[in-house]
2 protein chains.
Amino acid sequence: MANEQTADRIRFLRLLRQVRNFEPRPVPQEAIDDILEVGRWTGTASNSQKLEVVVVRDRQKLEALSGMGFTYTPPGAPAPVNTAGHIAGAQAAVVIITEGKAEQIEMEAFDEGRLVERIMLAANAHGIGSGIAWLSIEGGRAACRLLGVPEGRRIKTVLSMGYTDAEALRARPKRGRKPLEEFAHIETY
Amino acid sequence: MANEQTADRIRFLRLLRQVRNFEPRPVPQEAIDDILEVGRWTGTASNSQKLEVVVVRDRQKLEALSGMGFTYTPPGAPAPVNTAGHIAGAQAAVVIITEGKAEQIEMEAFDEGRLVERIMLAANAHGIGSGIAWLSIEGGRAACRLLGVPEGRRIKTVLSMGYTDAEALRARPKRGRKPLEEFAHIETY
């Protein structure tokens, strides 16, 4: 039976949004601590625990990371989009480090997706917005050098964080989802 | 500042566990509805919304899926483990269907990881346990045929679900996590 706590948790899960515009005020250490603790306990395939993170708050490093993004032109867009540009305006970034083993790239990506989702939710529990940034292949290598990550490891995904700039979020077009019957099928496709 | 709601949500995120033993009582439709709605709203790369799911409750299908698992022998284990075996005892399974395009396999796996995490949390919000099952390559093809999924799509991940068999969970060895300082680094690796 759905009680109030269940309803609150479902709403919490349902309403997570990507945030790419942040207020300039810093995020408190206790929120970062909670986020890292949730991240640490996120499950990994066969409990391999191979993912690690670097938390970056240094302004120069955040700006450097924002220039290492994967860039592409979405269909219909007037100009290319740098998917990491929003790191420059963030108060913190959580940089995800994978083992970078070619033969397990799919499993690493799956575990990374799990970790990203959990970290975004933990930030949101503290009222903090977060957005996914992708680094280019070359950018990922540059990020490893910037952060002193041992050679061979890989950086692809960075989460930028900060208090949500609510006005910018409201101004952004709301992207819906396809109807339930196109997402979920019952018993057969 | 952490208030009660924040603390509840962090605990909720922090304490999610894989469940592979289930009670025989069925899961209510309203829980399935919430789980699918949360799944539908889970973000995907560039909002591609390419993932779909099939919800299976038919006992024969659950048993068939449990036989399509990826099987391996963990280090030190006495015998091979069928990672999908637990589907046989589940009350429901959420089967994830990806586009199956080789050139985007990493992105699909990342999105799949995000979806899995969100669905497991939504189930947990209803007091329902869930566990990740992997199908073998051949098993994934057989699952497509079983569920009428168009050729070319891919099934790799299945979530089994049901009310947690608490006794079995308690009896299972608790697997810890590495210490925080080995998971998270500050400013540099």
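Two strands are said to pair if DSSP finds at least two bridges between them. With that in mind, the legends below describe close-up views of a predicted model.

**View 1. Strand 4 of chain B and its two antiparallel partners.** In this view, strand 1 (residues 52–56) of chain B pairs with strand 4 of chain B in the antiparallel sense, over five bridges. Within this pairing, Val55(B) stands opposite Val94(B) of strand 4. Strand 4 of chain B is also joined to strand 6 (residues 154–163) of chain B, and these strands run antiparallel with six bridges between them.

View 2. Because seven of the seven residues of strand 4 (residues 92–98) of chain B are buried, the strand is largely enclosed by the rest of the structure.

**View 3. A sheet with strand 7 of chain A at one edge.** Five strands form an open sheet of mixed pairing, and their order is 7(A)-1(B)-4(B)-6(B)-5(B). The edge strands, each of which pairs on one side only, are strand 7 (184–186) of chain A and strand 5 (128–134) of chain B. From one strand to the next, the twist averages 25 degrees. Helix 4 (residues 105–125) of chain A lies across strand 5 and strand 6 of chain B, and it runs at about 160 degrees to strand 5 of chain B.

**View 4. A sheet with strand 7 of chain B at one edge.** Another open sheet is formed by five strands in the order 5(A)-6(A)-4(A)-1(A)-7(B), again with mixed pairing. Strand 5 (128–134) of chain A and strand 7 (184–186) of chain B stand at the edges with a single partner strand each, so one side of each is left without a neighbour in the sheet. Strand 5 of chain A pairs with strand 6 (residues 154–163) of chain A in the antiparallel sense over seven bridges, and Ile132(A) stands opposite Leu159(A) of strand 6 of chain A. Helix 4 (residues 105–125) of chain B packs on this sheet, where it touches strand 5 and strand 6 of chain A, and its direction makes about 160 degrees with that of strand 5 of chain A. Helix 2 (residues 29–40) of chain A lies across strand 1 (52–56), strand 4 (92–98), strand 5 and strand 6 of chain A together with strand 7 of chain B, and it runs at about 165 degrees to strand 1 of chain A.

**View 5. A helix of chain A beside a helix of chain B.** Helix 2 of chain A and helix 1 (residues 4–14) of chain B pack at an angle of about 25 degrees, and their axes are 9 Å apart. Angles under 35 degrees count as roughly parallel, and therefore helix 2 of chain A and helix 1 of chain B are roughly parallel to each other. The contact is made by Asp34(A), Glu37(A) and Val38(A) of helix 2 of chain A with Ile10(B), Leu13(B) and Arg14(B) of helix 1 of chain B. These contact residues divide into three nonpolar, no polar and three charged.

**View 6. The surroundings of Ala122(B).** Ala122(B) has its place in helix 4 of chain B, and at 0% relative accessibility it counts as buried. Leaving aside residues up to four places away in sequence, Ala122(B) touches Ile10(A), Leu13(A), Ile35(B) and Val38(B).

View 7. Gln49(A) is found in the loop between helix 2 and strand 1 of chain A, and it has a positive phi of about 50 degrees although it is not a glycine. At 17% relative accessibility, Gln49(A) counts as buried. Gln49(B) lies in the loop between helix 2 (29–40) and strand 1 of chain B, has a positive phi of about 50 degrees without being a glycine, and counts as buried at 17% relative accessibility.

**View 8. The relation between chain A and chain B.** The same surface serves both copies, since 100% of the contact residues of chain A recur in chain B.

Methods:
Residues are numbered from 1 along each chain as its sequence is written. Chains are lettered from A and ligands numbered from 1 in the order in which they are written. This is a predicted model: local features need pLDDT of at least 70, side-chain atom pairs count only at pLDDT 80 or more; totals for chains, interfaces and linings use all residues. Side-chain values use heavy atoms; hydrogens and water are left out. Helices (H or I, at least four residues) and strands (E, at least two) are DSSP runs, numbered from the N terminus. Contact means heavy atoms within 4.5 Å. Axes are lines fitted to C-alpha atoms, for helices over the stretch in contact, and angles run from 0 to 180 degrees between N-to-C directions. Angles under 35 degrees count as roughly parallel, over 145 as roughly antiparallel, 65 to 115 as roughly perpendicular and the rest as oblique. Ala, Val, Leu, Ile, Met, Phe, Trp, Tyr, Cys and Pro count as nonpolar, Asp, Glu, Lys and Arg as charged, and the others, Gly among them, as polar. Buried means under 20% relative accessible area, exposed over 50%, partly exposed in between (1.4 Å probe, protein chains only).
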